[in-house]
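Here is a briefing on a predicted model. Look over the sequence and structure, then read the notes by topic.

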Amino acid sequence: MEEKQLNEKESLELITQMIRNTQQRLEKDNGIPFLIWGYTTVIVSLIVWYMLTTTGNHMWNFFWLTIPVIGLPLMFIFLKKKAKTPKTYIDKIISYVWTVIGISAFIPSLASSFIYSFPILFLVVVLISIGTTITGLIIKFRPLIISGFIGMFLSVICLILGNTSDSILVFAALFLLIQVIPGHILNWKGRKNV
Amino acid sequence: MFKELDPLLHSELRLAIMSILLSIEEADFVYLKDTTKSTSGNLSVQIDKLSEAGYVEVERGFVGKRTRTVCKITPVGVKAFEKYVESLKGYLNL
């Protein structure tokens, strides 16, 4: 592109073209945060379930804390790599949504571990499902909307099972549904768009 | 009576930069260079002109050992862009 004067029609075409270029490049790697948190949660859940059922030692519940310990540094690395791509207003809104949801899932998780025991897995599935659905609505991506709503609906199973080891298995399966699967679909769609 | 088109925006590369920055929150130098298919030298000169006019904000920092230049449109830039598009509409009878 050179430093040249444009006529009015060319100006309008250029504006439209540039805005379109930015829109087309937005979806690449959008699924990575879903995969980071999804896989971390599923793997940690299965380890906690296995250790609780084989040893019967409830101290293994503290192993849940490894989710942020693994997830946060991975997110940090991802965001650092993503710094090269432009940051859109949509990225900003989505990051606000997930920050609020992350905090509102983490605080009750601590409360459930140290203060008063309640069906925390149910609450976490509901909150993450809400985040998935809202993200889907913002980026107009149907698999996220659908999996989020299914997650909200099926979270009741965790409520019925209460704080049992079976509930942990359901929790892991629901995380596959509301994070891992939509994350892969999002990445696949993003790669196709680029 | 036609409104005068802002000469700062009525140039191919500067208009391209402003259009990109209007639709995203911030963009780094490499992204702008790739999207506008311009040379580093020319892009740098045009960004400086837009920055001097207060239309864009330029932040220079580091990612690891590499320098990274990030550009953002300012409220003054948004106003100028809106005014420019309004003037264009006048010329094109929209």
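Helices (H or I, at least four residues) and strands (E, at least two) are DSSP runs, numbered from the N terminus. This is a predicted model: local features need pLDDT of at least 70, side-chain atom pairs count only at pLDDT 80 or more, and totals for chains, interfaces and linings use all residues. Residues are numbered from 1 along each chain as its sequence is written, while chains are lettered from A and ligands numbered from 1 in the order in which they are written.

**Chain A: helices and overall form**

- Chain A has 7 helices and 0 strands.
- Its pattern along the sequence reads α-α-α-α-α-α-α.
- Helix H5 of chain A covers residues 120–139.
- Its 20 residues should span 28 Å at 1.5 Å a residue, and the end C-alpha atoms are 29 Å apart, which agrees. The expected span is 1.5 Å times one less than the number of residues.
- The C-alpha trace of chain A spans about 75 × 30 × 30 Å along its principal axes.
- Of the 194 residues in chain A, 26% count as buried. Buried means that 20 or more other C-beta atoms lie within 10 Å of the residue's own; exposed means 12 or fewer, and partly exposed is in between, with C-beta atoms placed from the backbone.
- Take the contacts in chain A between residues at least 6 apart in sequence: 69% join residues at least 24 apart. A contact requires C-beta atoms, placed from the backbone, to lie within 7 Å.

**Chain B: the sheet**

- Chain B holds an open sheet of 3 strands, in the order S1-S3-S2, with antiparallel pairing. Two strands pair if DSSP finds at least two bridges between them.
- Strand S1 (27–28) and strand S2 (56–63) of chain B are the edge strands, each pairing on one side only.
- S2(B) and strand S3 (residues 66–73) of chain B run antiparallel, joined by 8 bridges.
- B:Gly61 has B:Arg68 in S3(B) as its bridge partner.
- Helix H1 (residues 12–23) of chain B packs on the sheet and touches S1, S2 and S3 of chain B.
- The direction of H1 makes about 80 degrees with that of S3(B). Axes are lines fitted to C-alpha atoms, for helices over the stretch in contact, and angles run from 0 to 180 degrees between N-to-C directions.

**B:Tyr31**

- B:Tyr31 is in helix H2 (residues 29–36) of chain B.
- B:Tyr31 counts as buried because it has 20 C-beta neighbours inside 10 Å.
- B:Tyr31 contacts A:Thr85 and A:Pro86, leaving aside neighbours within four places in sequence.
- B:Tyr31 and B:Val70 are 39 residues apart in sequence and 9.5 Å apart in space, C-alpha to C-alpha.

Definitions and conventions:
Contact = placed C-beta atoms within 7 Å.
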